[in-house]
Amino acid sequence: MRIVYLPGDGIGPEVMAEAARAVEALLPEARVEERLLGAEAIDQLGDALPDETLEACRDADAVLLGAVGSDRYSWREGPNPEDGLFRLRQELDVYANLRPSVGDGVDLMIVRELVGGLYFGSRGVEPDGTVFDRLEYHPDQVARVARRAFELAGQRDGRLLSVDKANVLATSRMWRATVDEMAPEYPDVQLEHLLVDTAAMRLVEDVTAFDVIVTENTFGDILSDIAAALTGGLGAAASACLGDGGVDVFEPVHGTAPDIAGTGVANPTAMLLSAALMLRYGLERPAEADALEAAVASARAERPTADEGGTADTRAFGDHVLAHLRNGS
Ligand code: NAD
Ligand code: IPM
Ligand code: MN
């Protein structure tokens with residue numbers, strides 16, 4: 001069993017250290033390797049996704065990723081950390097990003113399309129100064145992520161909400177038609193559609209009302225931060241990026257949190273729960289996943305970090321998780 005860790009930048013390495021300790025306690029036999037991604041990779045190897053990182057990921061059974069982004073390189077043209085993340089997602093073709101929100105009557109799964117749309121369309125500047133970002137989807141890209149969502153809904157409460165902006169966008173009209181065409185294949189799933197603005201409002205009004213939401217890349221990015229804020233907060237939101245049988249990537253929803261990076265107070269919950277998703281879906285070790293989720297629940301109840309109203313720092317939270325894994329309490 002081979003796991004590649006990509007800690008990345010900012011709080012990425014801080015929260016990854018706690019996940020690595022937990023994985024080592026649960027899977028001492030696993031071979032783990034750490035590789036560079038993001039700003040650190042640009043500094044050391046001149047590329048946000050160095051070839052050696054990509055090759056190690058392709059050879060792995062699972063990839064665990066922290067977060068990338070840095071004031072030094074982000075939000076500009078030229079090599080930048082976020083492009084390294086997009087290339088990793090695209091190269092591994094992890095097109096279905098599962099972002100669960102659980103707790104207090106909430107059991108929501110957002111399925112975000114991850115390798116298409118605005119993120120991957122051409123962008124540039126016309127001679128007259130007009131700047132453009134192209135939004136495009138092929139029906140096959142829609143069908144494969146919708147299939148994932150229908151299947152998930154079938155295994156859950158049987159309710160699927162597809163979110164688009166079909167009153168404005170051609171891509172959304174095709175999205176809706178494609179999802180509708182597939183619905184008869186899933187007679188046990190009740191399919192509904194909502195426009196993204198209405199969906200955002202409904203989420204805020206009552207997040208408990210949803211089962212599975214499927215949507216395109218940009219809408220999924222935004223709706224999943226809303227869902228996270230309405231449940232455990234960004235510090236607790238985990239995700240799984242899944243393809244069709246290749247290596248999958250597991251990563252928190254949050255970023256590098258430059259405002260708290262280096263102070264040792266980041267909540268490692270999202271990172272630890274992403275490791276639990278890796279154990280469950282990437283490595284088929286459900287018992288270890290259950291144990292890790294129970295240990296994290298215990299730490300959140302007894303040693304919460306500042307963002308969840310407590311005083312524990314990252315390491316103290318991780319210590320509690322490890323103690324729970326060793327003693328079961
Ligand atoms: P962010 O998610 O990094 O932070 C948003 C807010 O949430 C901040 O106040 C931060 O302190 C808080 N927060 C986030 N994670 C936390 C944690 N584990 N514990 C406690 N508090 C936490 O979003 P941002 O500030 O908009 O982005 C910062 C950088 O991260 C940008 O460069 C962005 O591109 C990048 N980013 C990367 C990823 C990724 O690698 N998957 C995801 C989101 C943002
Ligand atoms: C996420 C992040 C990334 C995204 C950023 C870092 C570009 O916000 O994983 O949600 O938008 O995909
Ligand atoms: Mn995001």
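The axes of helix α5 (residues 139-155) and helix α6 (residues 170-182) cross at roughly 50° and come within 9 Å. The structure treated in these exercises is a predicted model.

**Exercise 1.** Classify the crossing of α5 and α6 by its angle, and describe the residues of the contact by class.

*Solution.* 
Step 1. Angles under 35 degrees count as roughly parallel and those from 65 to 115 as roughly perpendicular. The angle for α5 and α6 is roughly 50°, and the two helices are therefore oblique to each other.
Step 2. The handedness of this crossing is right-handed.
Step 3. On the α5 side, the contact is made by P139, V142, A143, V145, A146, R147 and F150, and on the α6 side by M174, W175, T178, V179 and M182.
Step 4. Sorted by class, the contact of α5 with α6 comprises 10 nonpolar residues, one polar and one charged.

**Exercise 2.** Determine how the axes of α1 and α9 are arranged, and which residues meet.

*Solution.* 
Step 1. Helix α1 (residues 12-26) and helix α9 (residues 269-282) have axes that come within 8 Å and cross at roughly 40°. That angle makes α1 oblique to α9.
Step 2. The crossing in which α1 passes α9 is right-handed.
Step 3. From α1, the residues V15, M16, E18, A19, A22, V23 and L26 meet M271, L272, A275, M278 and L279 of α9.
Step 4. The contact of α1 with α9 has 11 nonpolar residues and one charged, with no polar residue.

**Exercise 3.** Carry out the analysis for α10 and α11, beginning with the angle at which their axes cross.

*Solution.* 
Step 1. The axes of helix α10 (residues 286-302) and helix α11 (residues 314-327) cross at roughly 130° and come within 8 Å. Angles over 145 degrees count as roughly antiparallel; the value of roughly 130° makes α10 oblique to α11.
Step 2. α10 and α11 form a right-handed crossing.
Step 3. In α10, the residues A291, L292, A294, A295, V296, S298, A299, R300 and E302 take part, meeting F317, H320, V321, H324 and L325 in α11.
Step 4. The residues of the contact of α10 with α11 fall into nine nonpolar, three polar and two charged.

**Exercise 4.** Identify the residues that surround ligand 2, and state which polar side-chain atoms lie at 2.6 Å, 2.8 Å and 2.9 Å from an oxygen atom of ligand 2.

*Solution.* 
Step 1. The surroundings of ligand 2 consist of E82, F86, R89, R99, R112, Y119, D221, E251 and V253.
Step 2. Y119 places a polar side-chain atom 2.6 Å from an oxygen atom of ligand 2.
Step 3. For R89, the distance from a polar side-chain atom to an oxygen atom of ligand 2 is 2.8 Å. For D221, the corresponding distance is 2.9 Å.

**Exercise 5.** Which residues come nearest to ligand 1, and which atoms of V68, H254 and G255 lie at the listed distances from ligand 1?

*Solution.* 
Step 1. There are 22 residues around ligand 1, and those that come nearest are V68, E82, G255, A257 and D259.
Step 2. A backbone N or O atom of G255 lies 2.8 Å from an oxygen atom of ligand 1. A backbone N or O atom of V68 is 2.9 Å from an oxygen atom of ligand 1.
Step 3. H254 has a polar side-chain atom 3.4 Å from a nitrogen atom of ligand 1.

Definitions and conventions. Residues numbered from 1 in each chain as written. Chains lettered and ligands numbered in written order. Predicted model: local features only at pLDDT ≥ 70, side-chain atom pairs only at ≥ 80, totals over all residues. Heavy atoms only, no water. Axes fitted to C-alpha atoms, helices over the stretch in contact; angles between N-to-C directions. Helix = DSSP H or I, 4+ residues; strand = E, 2+ residues; numbered from the N terminus. Left-handed = near helix turned anticlockwise from the far one by under 90°. Contact = heavy atoms within 4.5 Å. Nonpolar A, V, L, I, M, F, W, Y, C, P; charged D, E, K, R; others polar. Near = heavy atom within 4 Å. Polar contact = N/O pair within 3.5 Å; in protein donor to acceptor, adjacent residues only side chain to side chain.
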